[in-house]
There are 2 protein chains.
Amino acid sequence: MSQFIKDGTIKLTNGVSVLSYAAAVGKMEGDGPLGECFDYISKGAELGEETWEKAESKLQQYAFDFALRKGHFLSDDIDFIFAGDLLNQCTGSTYGLRQYNLPFVGLYGACSTMAESLAMASLFIDSGMGEYCAAVTSSHFCSAERQFRFPITYGGVRTPTAQWTATASGCCIVGAVTEPPYIKAVTIGKIVDMGEKDANNMGAAMAGAAYDSISRHLSNTGKNVSDFDAIFTGDLGQVGSDILCELFSRHNEDISKVHKDCGLMIFDREKQDVHAGGSGCGCSASVLCGYILPRVRSGEYKNILFAATGALMSTTVVQQGESIPGISHVVEISHRR
Amino acid sequence: MSQFIKDGTIKLTNGVSVLSYAAAVGKMEGDGPLGECFDYISKGAELGEETWEKAESKLQQYAFDFALRKGHFLSDDIDFIFAGDLLNQCTGSTYGLRQYNLPFVGLYGACSTMAESLAMASLFIDSGMGEYCAAVTSSHFCSAERQFRFPITYGGVRTPTAQWTATASGCCIVGAVTEPPYIKAVTIGKIVDMGEKDANNMGAAMAGAAYDSISRHLSNTGKNVSDFDAIFTGDLGQVGSDILCELFSRHNEDISKVHKDCGLMIFDREKQDVHAGGSGCGCSASVLCGYILPRVRSGEYKNILFAATGALMSTTVVQQGESIPGISHVVEISHRR
């Protein structure tokens with residue numbers, strides 16, 4: 001049984017291993033600095049499909065399939081699948097995974113969904129609710145741009161604070177403890193509103209939530225920033241990352257030495273025109289599954305925090321002048337049992 | 001610890017009580033046959049707000065507030081809140097609940113969200129992950145119509161199979177066993193695609209998922225239709241209800257004597273022009289919290305199944321010619337411990 005601590009943090013007691021993980025990405029992500037980390041890189045944005053939405057669903061299907069294959073699982077081995085994405089009504093997930101006939105828990109955490117799904121899957125396993133659970137999410141530049149901003153062909157000009165939605169998907173399969181990476185604890189995010197109203201400045205909207213969840217996780221588990229080799233945020237980009245470091249600094253803590261942001265890792269901002277960095281559910285998901293987890297498995301990282309971040313807005317509420325709240329869920333992952 | 005059974009069904013072992021519940025609805029729902037069951041009935045669709053989206057958020061806030069008050073809880077007593085809704089990116093929930101500063105697990109199950117959130121909240125409690133959890137969802141006729149079909153002022157003609165999105169919200173607060181209603185078991189839904197492509201025939205799209213989850217729940221728990229006083233589906237309406245009974249009949253089971261549909265209960269189809277019945281996340285949520293749970297508490301119902309049903313489509317994928325998959329999550333609720 002999971003041992004409840006407090007204020008959104010749950011420490012796992014039986015323990016959970018990430019048994020398999022995979023990342024499937026688009027061409028631009030494959031051309032980026034983490035290109036060699038990914039299990040599948042598509043040749044184009046279409047993935048052989050007629051629509052961007054179908055392409056995103058296919059990417060999610062690929063991530064799940066690769067995770068199954070790498071872990072020598074059949075899809076029927078999976079007891080529960082936790083998934084969600086950015087598309088209206090989460091159709092990236094429901095159409096991507098409908099063929100598998102598996103018990104499906106739909107989640108919505110915007111770009112925090114990889115941490116949310118991994119947290120829920122791990123808590124299920126730790127509580128004895130199943131033998132194997134999968135956590136999966138995705139995003140696609142073209143489906144997200146059309147939905148949240150403009151169709152690609154419109155050629156809208158992007159502001160300097162704008163981020164580039166990654167065409168990417170990641171999937172983790174978790175089960176009882178066998179080998180690293182181990183899931184040690186999770187902190188469920190709260191909705192934090194910084195008053196940001198610019199839909200082209202997601203980093204600023206999410207930084208407060210990241211600060212709240214990371215500092216709450218540290219406080220609730222009695223740990224310090226220095227206990228971790230790295231603290232990964234989801235997709236704050238350059239603007240949000242600067243704000244996060246500033247928020248910790250104001251509380252007399254220095255996170256800058258261990259802080260890394262998946263949105264800054266997935267693209268080369270010198271060579272790739274992504275402005276403030278990458279974003280999207282698939283950004284942190286693919287960096288987690290392609291880059292982070294292999295390094296926790298090998299022991300290169302002993303202890304890390306994975307704090308994916310989401311902006312909980314829709315085009316409708318932004319057009320209505322609402323501010324954009326953020327959320328961040330934290331998963332503590334360790335090489336040691 | 002929850003005892004895992006199989007194929008998506010989890011039987012609760014420590015046991016969970018629904019300690020408080022409340023329903024907040026719009027005027028038309030208040031004028032319907034269940035009008036006396038609801039805790040709050042708004043005078044108009046606006047709830048004093050400038051936009052339909054804000055009105056929906058307010059309804060969800062009211063349901064949560066009434067559930068807190070009726071159970072003598074403060075919002076800080078709640079360890080985790082599970083919520084979602086139909087609006088793009090679930091903004092009904094995130095804007096309705098952002099003021100409470102609570103650990104928030106965002107869900108997306110379309111109109112099945114009340115069963116999904118109640119299932120997850122109950123599993124958390126049963127596994128010792130918190131003392132009190134809340135499950136809440138909502139829908140609003142005007143925000144849903146504009147998003148999924150036409151703006152209200154357009155005056156689009158509705159087909160006979162169309163359903164009327166309820167302006168309603170429901171909230172349950174669950175905790176360790178004290179008194180009925182008790183949550184006994186849950187079955188997590190699978191994505192079931194019947195090939196239905198008509199976005200104005202949600203009942204037909206969801207009936208297969210309801211059949212799959214209810215029959216799986218019965219089979220996995222070793223129970224029969226006759227073990228239940230009533231089996232409530234979410235919002236199949238008349239078309240979907242007929243299909244569900246037919247599907248059971250084809251498998252030599254008669255569900256018709258105990259089957260009730262929240263979408264057929266909330267409105268009077270003779271007097272209210274709702275075509276095939278009510279729908280929306282808030283439909284089954286308000287019927288559960290306003291009508292069903294009080295009757296399980298009193299013992300009028302000894303054992304019931306609550307099988308909320310959702311259609312996992314978006315306007316985008318329907319316009320692209322995709323069929324509409326459904327999902328149904330089942331919660332078994334009993335007067336006896």
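A nonpolar core here is a set of buried Ala, Val, Leu, Ile, Met, Phe, Trp, Tyr and Cys residues joined through side-chain atoms within 4.5 Å. Keep that in mind as you look around this predicted model.

**Stop 1: the cores**

Start by selecting A:F306 and B:F306. These are the residues with the most contacts inside the largest nonpolar core, which has 116 residues. Now stay on B:F306 and show what surrounds it. Leaving aside neighbours within four places in sequence, B:F306 touches B:M114, B:A115, B:F232, B:C262, B:S284, B:L288, B:I292, B:H329, B:V330, B:V331 and B:I333. Apart from this core lies another, of 114 residues; to find it, select A:L236, B:A83, B:V136 and B:A210, which are among its members. In soluble globular proteins, nonpolar side chains tend to be buried together.

**Stop 2: where the chains meet**

Next, colour the two chains separately and turn to the contact between them. Chain B brings 60 residues to it, and chain A brings 60 residues. About 5000 Å² is buried between chain B and chain A, with carbon and sulfur atoms giving 63% of that area. On the chain B side, pick out B:Q89, B:R98 and B:I191: they lose the most area to chain A, together 15% of what that side buries.

**Stop 3: charges and polar pairs**

Finally, colour the side of chain B that touches chain A by class: you will find 29 nonpolar, 20 polar and eleven charged residues.

Methods
Residues are numbered from 1 along each chain as its sequence is written. Chains are lettered from A and ligands numbered from 1 in the order in which they are written. This is a predicted model: local features need pLDDT of at least 70, side-chain atom pairs count only at pLDDT 80 or more; totals for chains, interfaces and linings use all residues. Side-chain values use heavy atoms; hydrogens and water are left out. Buried means under 20% relative accessible area, exposed over 50%, partly exposed in between (1.4 Å probe, protein chains only). Contact means heavy atoms within 4.5 Å. Buried area is the accessible area (1.4 Å probe) that two parts lose on being put together, summed over both. Ala, Val, Leu, Ile, Met, Phe, Trp, Tyr, Cys and Pro count as nonpolar, Asp, Glu, Lys and Arg as charged, and the others, Gly among them, as polar.
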